Amino acid sequence: MPFYSASLIETVQSEIIRDNAGILECVKEGIGRVIGMGVPHSKRLLPLLSLIFPTVLHGVLHYIISSVIQKIVLLILKRKTYNSHLAESTSPMQSMLDAYFPELMANFAASLCSDVILYPLETVLHRLHIQGTRTIIDNTDLGYEVLPINTQYEGMRDCINTIRQEEGMLGFYKGFGAVVIQYTLHAAVLQITKIIYSALLQNSV
């Protein structure tokens with residue numbers, strides 16, 4: 001968990017002030033956060049014990065949701081594929097496509113649904129991990145300045161209540177556009193892969 005916090009800071013830190021960190025920078029900062037030395041953090045930094053519950057909750061819920069969605073989608077796609085096989089004979093290459101593509105689609109759907117459903121919790125989790133770490137982020141609304149992280153959350157419940165009162169429900173979905181772009185590109189890659197494979201399949205027949 002402390003190494004997750006360190007890597008998260010490196011991910012959101014503005015390029016304007018970011019140093020040329022080495023490969024082991026996250027490891028060093030993670031160890032420093034555990035022992036409380038070597039990293040310039042403020043008094044607003046939450047202790048690791050207060051981060052255990054939201055971190056574990058997010059991980060467990062993500063696993064449960066993604067597993068359930070994956071099994072449901074995979075069951076539907078395999079049943080559809082099975083019915084199409086009964087209607088017409090298929091070549092070995094077509095059978096290979098039908099065997100692997102449902103797995104890819106099921107994984108995609110599971111990841112998409114779990115990330116969308118848990119995005120508000122992920123927003124809370126990220127804010128708790130970053131608080132008190134003297135992190136500077138880019139102002140994505142204006143695009144030409146940076147903003148310091150000056151939050152003073154006391155824990156998960158306080159973070160949720162503060163976001164809801166000061167920013168409204170949309171505050172939990174800040175940065176959601178990046179998720180939309182990510183999964184749009186992912187879906188495009190899957191579709192292009194299927195088209196290419198189908199074209200190769202037709203040429204081989």
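This is a predicted model: local features need pLDDT of at least 70, side-chain atom pairs count only at pLDDT 80 or more; totals for chains, interfaces and linings use all residues.
Is Thr123 buried or exposed, and at what relative accessibility?

**Figure 1. Thr123 within helix H5.** Thr123 belongs to helix H5. Its relative accessibility is 10%, and Thr123 therefore counts as buried, the cut-off being under 20%. Apart from residues up to four places away in sequence, Thr123 touches Gly171 and Phe172.

**Figure 2. Helix H5 and its surroundings.** Helix H5 covers residues 119-130, twelve residues in total. From first C-alpha to last, H5 reaches 16 Å, close to the 16 Å expected at 1.5 Å a residue. Ten of these twelve residues are buried, so H5 is largely enclosed by the rest of the structure. The buried positions are Tyr119, Pro120, Leu121, Thr123, Val124, Leu125, Arg127, Leu128, His129 and Ile130. Just after the helix, Gly132 adopts a positive phi of about 80 degrees.

**Figure 3. Packing of helix H5 against helix H6.** The partner helix H6 comprises residues 156-166. The two helices pack at an angle of about 115 degrees, and their axes are 10 Å apart. The crossing of H5 with H6 is right-handed. On the H5 side the contact is made by Leu121, Val124, Arg127 and Leu128, and on the H6 side by Met156, Cys159, Ile160 and Ile163. Sorted by class, the residues of this contact are seven nonpolar, no polar and one charged. The spacing of such contact positions can be read against helix geometry. An α-helix has 3.6 residues a turn, so residues three or four places apart point the same way.

**Figure 4. Packing of helix H1 against helix H2.** Helix H1 spans residues 2-12 and helix H2 spans residues 25-35. Their axes lie 8 Å apart, and the packing angle is about 130 degrees. H1 and H2 are therefore oblique to each other. The crossing of these two helices is right-handed. From H1, the residues Pro2, Phe3, Ser5, Ala6, Ser7 and Glu10 take part in the contact. They meet Glu25, Cys26, Val27, Glu29, Gly30, Ile31, Arg33 and Val34 of H2. The residues of the contact of H1 with H2 comprise seven nonpolar, three polar and four charged.

Figure 5. Leu74 is located in helix H3, which covers residues 48-87. With a relative accessible area of 15%, Leu74 is buried. When neighbours within four places in sequence are set aside, Leu74 is in contact with Pro102, Glu103 and Ala106. Leu74 and Glu103 are 29 residues apart along the chain, yet their C-alpha atoms are separated by 6.5 Å.

**Figure 6. Lys194 in helix H7 and its separation from Phe101.** Helix H7 runs over residues 176-204 and contains Lys194. Lys194 has a relative accessibility of 32% and therefore counts as partly exposed. Along the sequence, Lys194 and Phe101 are 93 residues apart, whereas the C-alpha to C-alpha distance is 7.8 Å.

**Figure 7. Context of the close-up views in the whole chain.** The chain contains seven helices and two strands. Read from the N terminus, its elements follow the order α-α-α-α-α-β-β-α-α. Of the 205 residues, 29% count as buried. Among contacts between residues at least 6 apart in sequence, 74% join residues at least 24 apart.

Definitions and conventions. Residues are numbered from 1 along each chain as its sequence is written. Side-chain values use heavy atoms; hydrogens and water are left out. Axes are lines fitted to C-alpha atoms, for helices over the stretch in contact, and angles run from 0 to 180 degrees between N-to-C directions. Helices (H or I, at least four residues) and strands (E, at least two) are DSSP runs, numbered from the N terminus. Angles under 35 degrees count as roughly parallel, over 145 as roughly antiparallel, 65 to 115 as roughly perpendicular and the rest as oblique. A crossing is left-handed if the near helix is turned anticlockwise from the far one by less than a right angle, and right-handed if clockwise. Contact means heavy atoms within 4.5 Å. Ala, Val, Leu, Ile, Met, Phe, Trp, Tyr, Cys and Pro count as nonpolar, Asp, Glu, Lys and Arg as charged, and the others, Gly among them, as polar. The expected span of a helix is 1.5 Å times one less than its number of residues. Buried means under 20% relative accessible area, exposed over 50%, partly exposed in between (1.4 Å probe, protein chains only).
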